[in-house]
Amino acid sequence: MNGTTLPTPDSPDLNQTLDHLFRHEAGKMVAVLTRLFGFPNMQQAEDIVQDTILKALESWKYGKMPENPQAWLYYTAKNKVIDLIRRQQVRHKIEHELSFLLTSEYSLVPTINEIFTENEIRDSQLRMMFACCHPSFSKESQIALTLNTLCGLNVREIADAFLTSEETIRKRMYRTKEKLRSEKITLDYPGVEAMAERMEAVLKTLYLLFNEGYHSSHPEKLIREDLCAEAMRLTLLLTENRKTDLPYASALLALMCFQSSRFNARIDDQGLIILLKDQDRTQWNRQLIAKGNQYLNLAASGEMLHEYHIEAAIASIHANSVDYGDTDWKLILQLYNLLLEKVYNPVVALNRCLVIGETDGYASAIIELQKMEGMEENRLYNTSLGEMHLKNGEKIIARTYFEKALSRTLSAAERKLINAKISLCN
Amino acid sequence: MYLIRGGDNAGLSAEDMQVHMQKWMAWMESLGKKGIFVAGEPLDFTGKQVSGKNKTVTDGPFLEAKEMVGGYLIILANDIQEAVEISKGCPVFEMNGKLEIRPIQKMNL
């Protein structure tokens with residue numbers, strides 16, 4: 001019913017949508033109803049959804065769950081909408097191709113039923129995704145809006161996820177929703193010409209959302225896992241639709257599968273980061289790696305080589321190597337060179353230097369690192385230099401770099417890791 | 001009989017509501033396992049009121065949601081103290097709700 005589901009790091013068999021039924025269905029229903037009422041009237045859609053979920057809570061809590069909870073929610077939401085339309089409270093607000101169908105009792109109920117069918121729900125979610133990533137919003141706003149409307153997170157939950165105050169998110173959402181009204185953003189797919197550019201924006205938002213979950217120092221593993229799972233769920237949705245199933249969307253999904261396959265192996269019980277080299281590879285999620293390989297194959301079509309292709313290819317080499325020594329570092333180095341040619345990114349450049357350590361020796365890596373400019377204050381840069389010197393047997397120099405990195409690090413997990421490194425320098 | 005009133009649901013996220021519901025499910029299940037659950041139903045928030053000699057019919061209880069009886073439970077307890085103790089496990093309190101405990105009268109002939 002929900003199409004393909006991806007295995008999650010912790011529960012490869014369990015369909016996560018069951019875990020977060022209310023949240024996911026809220027996201028779907030907001031998308032459907034916003035499409036009906038129009039983006040400027042999103043509040044109306046949100047109110048109906050809130051009422052529907054509240055009603056479910058009140059009715060189900062005495063121990064009787066309906067056999068098909070999803071159908072129950074849709075039925076209840078539909079009735080609320082039909083009731084509102086009959087009472088003429090919203091009809092004047094509805095301005096699009098559906099509006100005339102809602103004026104007659106002959107077509108009202110069938111039309112509402114139609115927008116709640118599985119295909120139309122997916123379609124509404126995709127339209128919503130494009131609207132949330134409208135170029136007039138900042139990247140931060142795009143992410144917050146996506147989490148709010150498509151993933152069913154409220155302001156407090158978004159603030160929690162980004163370790164910021166509710167007030168900050170509330171203001172950001174307010175400004176975004178104001179703009180949404182003033183710019184008259186509609187829930188339509190971008191035209192053929194604008195599609196490529198908007199697709200970039202959508203994928204970038206999902207990429208950042210995933211990274212926020214994967215790389216952030218958020219103390220709660222569950223929250224980080226949720227962000228990754230949401231990003232993957234929405235990317236999956238893109239790959240399942242003909243209009244949006246571009247090879248680089250599959251590449252991004254492959255990348256996410258490979259990365260999340262290591263989710264549990266890269267942090268130990270004390271929240272300490274475990275480096276790739278030291279990870280227990282039996283803990284890597286094989287199902288996710290298989291999915292990653294599958295999507296990477298699907299991504300290998302068309303003329304365009306996107307950054308996501310290259311990043312996914314690098315991740316796939318790691319995921320499919322038996323152990324650290326078995327890794328094809330020469331190929332990885334070539335891919336890094338390719339990636340840097342496409343777009344310069346200091347973190348990618350830094351990682352490339354570490355790869356050189358594996359292909360040409362640590363001394364060469366140090367020379368490459370020292371060629372980089374403007375990175376003297378960067379904690380990752382200093383950690384990397386420390387690591388290369390330590391591996392090269394220069395403990396005293398290594399220590400100075402680690403100490404410099406430590407003074408620029410806030411995250412507890414990273415501090416622990418760097419402290420462990422410093423103790424190796426004695 | 002437990003008459004369960006309201007609880008403040010304002011500002012809850014979908015996930016909060018799901019978590020709250022799961023607590024209810026767990027509590028109901030525990031009553032069932034102890035063999036003390038008799039009956040329980042949610043009540044719709046709509047309704048009619050018929051009152052007085054004139055049998056005047058009015059719409060709904062029209063109370064504020066937090067004052068309204070949202071549902072009832074009938075459980076088996078040896079005495080009112082025990083019923084009070086059992087009720088303390090009810091998740092409605094987490095939402096600042098109220099629970100009224102009324103023994104069902106025995107009609108002894």
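Tutor: A pocket, as the term is used here, is an open set of grid points where a 1.4 Å probe fits, with protein on both sides within 12 Å along at least five of seven lines. The model under discussion is predicted, and the predictor gives the complex an ipTM of 0.81 together with a pTM of 0.82.

The second largest pocket has a volume of about 900 Å³. Its lining comprises 28 residues, and those closest to the pocket centre are A:Asp51, A:Lys55, A:Lys80, B:Asp44 and B:Phe45. Two elements of chain A, α3 (42–60) and α4 (69–86), are the ones that give two or more residues to this lining. Of these, α3(A) gives the most, with 8 residues. Sorted by class, the lining of the second largest pocket holds 10 charged, 9 polar and 9 nonpolar residues.

The contact between the chains may be considered next. Chain A takes part in this contact with 25 residues and chain B with 23. Between them an area of about 2000 Å² is buried, and carbon and sulfur atoms give 58% of that area. Within the share that chain B buries against chain A, B:Glu15, B:Met17 and B:Met21 supply 27%, more than any other three residues.

As to confidence, chain B averages a pLDDT of 88, and 95% of the residues score at least 70. In chain B, the highest confidence falls in helix α2 (residues 80–87), at a mean of 95, and the lowest in strand β4 (residues 56–59), at 88.

Two further parts of chain A concern burial. Helix α7 (residues 139–149) of chain A is largely enclosed by the rest of the structure, because 9 of its 11 residues are buried. Among the buried residues of α7(A) are A:Ile143, A:Leu145 and A:Leu147, and also A:Gln142 and A:Asn148.

A:Val355 lies in helix α16 (residues 346–360) of chain A. A:Val355 counts as buried because its relative accessibility is 5%, and the cut-off for buried is under 20%. Leaving aside residues up to four places away in sequence, A:Val355 touches A:Trp329, A:Ile332, A:Leu333 and A:Tyr336. A:Lys330 is 25 residues from A:Val355 in sequence, while the C-alpha atoms of the two are 8.4 Å apart in space.

Key
Residues are numbered from 1 along each chain as its sequence is written. Chains are lettered from A and ligands numbered from 1 in the order in which they are written. This is a predicted model: local features need pLDDT of at least 70, side-chain atom pairs count only at pLDDT 80 or more; totals for chains, interfaces and linings use all residues. Side-chain values use heavy atoms; hydrogens and water are left out. pLDDT is the predictor's confidence in each residue, from 0 to 100. Helices (H or I, at least four residues) and strands (E, at least two) are DSSP runs, numbered from the N terminus. On a 1 Å grid over the protein atoms alone, a cavity is a set of points where a 1.4 Å probe fits but cannot get out, and a pocket is an open set with protein on both sides within 12 Å along at least five of seven lines; lining residues have an atom within 4 Å of a point. Grid points are joined across faces, edges and corners, and a volume is the space filled by probe spheres set on the points. Ala, Val, Leu, Ile, Met, Phe, Trp, Tyr, Cys and Pro count as nonpolar, Asp, Glu, Lys and Arg as charged, and the others, Gly among them, as polar. Buried means under 20% relative accessible area, exposed over 50%, partly exposed in between (1.4 Å probe, protein chains only). Contact means heavy atoms within 4.5 Å. Buried area is the accessible area (1.4 Å probe) that two parts lose on being put together, summed over both.
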